[in-house]
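Please read this report alongside the sequence and the structure.

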Amino acid sequence: MAAAARLCLYLYPCLLGLSRGVFAFTSEAAAATPWLRTRGEAAGPGDGMNVLFIVVDDLRPVLGCYGDKLVKSPNIDQLASHSVVFSNAYAQQAVCAPSRVSFLTGRRPDSTRLYDFYSYWRVHAGNYSTMPQYFKENGYVTLSVGKVFHPGVSSNYSDDYPHSWSVPPFHPSTEKYENDKTCRGKDGKLYANLVCPVDVTEMPSGTLPDIQSTEEAIRLMNVMKTSKQKFFLAVGYHKPHIPLRYPQEFLKLYPFENITLAPDPWVPEKLPSVAYNPWMDIRQRDDVKALNVSFPYGPLPDNFQRRIRQSYYAAVSYLDTQVGQLLNALDDVGLSNSTIVVFTADHGWSLGEHGEWAKYSNFDVATRVPLMFYVPGMTTPPVSRGERVFPYLDPFNHILGFVPQGQSKKVVELVSLFSTLAELTGLQVPAVCPKTSFHVALCTEGSSIVRYFNASEEKVKEEKDGCDDTFRCFNEETVAFSQYPRPADTPQWNSDKPKLKDIRIMGYSMRTSDYRYTLWVRFNPNNFSADFEDVHAGELYMVETDPNQDYNIYNNTSHACFLKKLLGFLKQ
């Protein structure tokens, strides 16, 4: 009954008609939000501070600070204890290159026109400024370590240097071995496996890429301390991206008997076939090939599913040690009191939910990411010079948990990172992009979320419960939009990563605090157009009664209101 009543509340505004201004600010809200602040005007909370921007590959929020009871992540949890943590943050496309180009330019995939890995936005869409480029043009030294932009065509084989970075980006020398046969099997031979705990001393050069990235980032922080220049340092970590290759000792943190299957390891009965991700990259690994799993639905044997989950958790704990060493070094160089730290991921990763693995879908498990901001003097009391904020914590010994300094349940998007960091550092916040913005070099399609930093959950709940204007409340709810392309209505060998020329269907997905609504519509790759008159399939999941998104009620629910809201946004 509660779900039905809530659904009626959603549908009521349809009778009134939703305006195109679903995401427009009222004049009062605009006046209350210092959007266009320059350095000569009122300062941002972190005015003039450095930025340490940490982005992780394929990390879903399996962290202690997000309530996960199994994973050991004390250093990231410690960062959360000094930060505002967003529990409902979403990527705009659940695959590496499109997501990274989106949040680094502040534009959505339909504006970057990048849905695969094979075009450079400055050539194929518009000469858009990037977030690090904007900081560089405003007096910052901008530095890139590890995987920040996706390497290759999508960043002009240069990680967008020299536009975005002051010096050529650093890539670990051992990165080139990531997909080589470095995983030792029970027979003593080497394989290119999915599950790949290793003896680091046996690896090429006796190290791993993320270890090298941490070392280089620490070196750069020491250089910047000496130079006394403002810096924007982006550090991109590979793990837990596949292959799940990490120091084997981290398996000890996760005894196999403690590892369970996903809560919903089956393919949902009413899941449209176009929505399914057949996890082709997983199938190409030697250990998965040996299982001879049927295409497209599998499933993988239960014990192997548990082994994947075990290794994903172990890779997260390995990542945590790298983040811990990096933050500890920030203390060592005395910059914890003058550096904003952002921690996030490019997208999530399915761990067997819905019978799926990897990313490549519009489900929460693929699009939801961790997102936290540490701002000295704002998210935590002012830090005295020399005070240690981030002492390194050993996940093998540390057992105490941390509570986030502040937590927001507001639904937010990674495309908002550009404007958010501009506001936090006191830079002029780029204007909102016009309806057609391919010719506009500097604008953003994501609004700053700084206004949510100090909003208590009690206040948010009070505002929601006390709202006496249903139409206004419906219009002002926060929304995240994601999308994913498909080559056909049924799973194909290239369903996960179709090239632009092969895209025939686009799944546009709208996530609020109460529901996820997805439409799969005809898409023309020649002119980048979506035809919402040609709907191939739909999905509707109610968060309160179906948090795992297993029961699609699209076909037995009136959803004209959701469609109108989705179209209202896209027409902007």
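## Cysteines

Cys 65 is buried, at a relative accessible area of 5%. The model is a predicted one. Cys 96 has a relative accessible area of 2%. That is under the 20% cut-off, so Cys 96 also counts as buried.

How many disulfides does the structure hold? There are two. They are taken in turn below.

## The disulfide of Cys 183 and Cys 196

Cys 183 and Cys 196 form a disulfide. Their sulfur atoms lie 2.1 Å apart. Cys 183 belongs to strand β4, residues 183-184. Cys 196 belongs to strand β6, residues 195-198. The pair therefore ties together parts 13 residues apart in sequence.

Which hand does this disulfide have? The torsion about the S-S bond of Cys 183 and Cys 196 is about -105 degrees, so the disulfide is left-handed. Both Cys 183 and Cys 196 are buried.

## The disulfide of Cys 433 and Cys 443

Cys 433 and Cys 443 form a disulfide, with 2.0 Å between their sulfur atoms. Cys 433 sits in the loop between α13 (417-424) and α14 (457-465). Cys 443 is in the loop between α13 and α14 as well. The two are ten residues apart.

The torsion about the S-S bond of Cys 433 and Cys 443 is about 95 degrees, so this disulfide is right-handed. Are its cysteines buried or exposed? Cys 433 has 10% relative accessibility and therefore counts as buried. Cys 443 is buried too, with a relative accessible area of 2%.

## Helix α11

Helix α11 runs over residues 302-332, 31 residues in all. From its first C-alpha to its last it reaches 45 Å. That is close to the 45 Å expected at 1.5 Å a residue.

Why is α11 described as largely enclosed by the rest of the structure? The reason is burial: 26 of its 31 residues are buried. Just after α11 comes Gly 334, which takes a positive phi of about 75 degrees.

## Aromatic pairs

The structure holds 25 aromatic pairs. One of them joins Phe 363 and Tyr 541. Their ring centres are 5.9 Å apart. Their planes meet at 50 degrees, so the pair is tilted. Phe 363 lies in the loop between β11 (357-358) and α12 (364-367). Tyr 541 lies in strand β17, residues 529-542. The pair therefore ties together parts that are 178 residues apart in sequence.

Both partners are shielded by the 20% criterion for burial. Phe 363 is buried, at a relative accessible area of 3%. Tyr 541 is buried, at 2%. Elsewhere, ring pairs link a cluster. Its members are Phe 53, Phe 103, Phe 135, Tyr 140 and Phe 232.

## The second largest pocket

The second largest pocket has a volume of about 760 Å³. Its lining counts 31 residues. Which of these are closest to its centre? They are Phe 117, His 150, His 241, Tyr 360 and Lys 497.

The lining of the second largest pocket divides by residue class. Eleven of its residues are nonpolar. Seven are polar.

Methods. Residues numbered from 1 in each chain as written. Predicted model: local features only at pLDDT ≥ 70, side-chain atom pairs only at ≥ 80, totals over all residues. Heavy atoms only, no water. 1 Å grid on protein atoms, 1.4 Å probe; cavity = no way out; pocket = protein on both sides within 12 Å on 5 of 7 lines; lining within 4 Å. Points joined across faces, edges and corners; volume = space filled by probe spheres on them. Nonpolar A, V, L, I, M, F, W, Y, C, P; charged D, E, K, R; others polar. Disulfide = S-S within 2.5 Å. Helix = DSSP H or I, 4+ residues; strand = E, 2+ residues; numbered from the N terminus. Buried < 20%, exposed > 50% of the residue type's maximum accessible area, 1.4 Å probe, protein only. Expected span 1.5 Å × (residues − 1). Phe/Tyr/Trp six-rings, centres within 6.5 Å; stacked < 30°, edge-to-face > 60°.
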